[in-house]
Amino acid sequence: AFTHVVTFKWLDDDFADGGIADALRGLASRFDGVHHYLCGPDVGFTPSTYDFAVVGTFDDRESFLAYRDHPEHQRILAEMIAPNLQSRHVVQLEH
């Protein structure tokens with residue numbers, strides 16, 4: 001399996017997710033190679049956390065690449081995430 005973890009820090013502290021979680025979940029649901037997909041805003045229990053996270057577990061690298069490179073994913077990144085993004089961190093694990 002291949003797990004993709006990404007965290008986002010938004011430019012504006014008051015930015016909700018602007019529909020990003022729904023858009024990403026909708027996209028992930030269209031792929032057969034997705035085992036588990038979780039995304040959404042941080043719940044705010046710990047100070048100094050990032051604002052939003054995605055954790056997706058895929059069958060393999062190829063399944064992840066199909067998701068990552070899909071035109072709808074690229075649109076979500078370009079139109080919804082990038083204009084609001086201060087920084088992001090990515091970790092990917094094979095298991």
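Q: How do the residues of the lining of the largest pocket divide into nonpolar, polar and charged?
A: In this predicted model, that lining has 10 nonpolar, 4 polar and 2 charged residues, with Ala, Val, Leu, Ile, Met, Phe, Trp, Tyr, Cys and Pro taken as nonpolar, Asp, Glu, Lys and Arg as charged, and the others, Gly among them, as polar.

Q: What should I know about the conventions?
A: Local features need pLDDT of at least 70 and side-chain atom pairs count only at pLDDT 80 or more, while totals for chains, interfaces and linings use all residues. Residues are numbered from 1 along each chain as its sequence is written, and side-chain values use heavy atoms, leaving out hydrogens and water.

Q: OK, switching to lysine 9: which residues does it touch?
A: Leaving aside residues up to four places away in sequence, lysine 9 touches Thr49, Tyr50, Asp51, Asn84, Leu85, Gln86 and Ser87, where contact means heavy atoms within 4.5 Å.

Q: And how far is lysine 9 from arginine 88 in space?
A: Their C-alpha atoms are 6.2 Å apart, although 79 residues separate the two in sequence.
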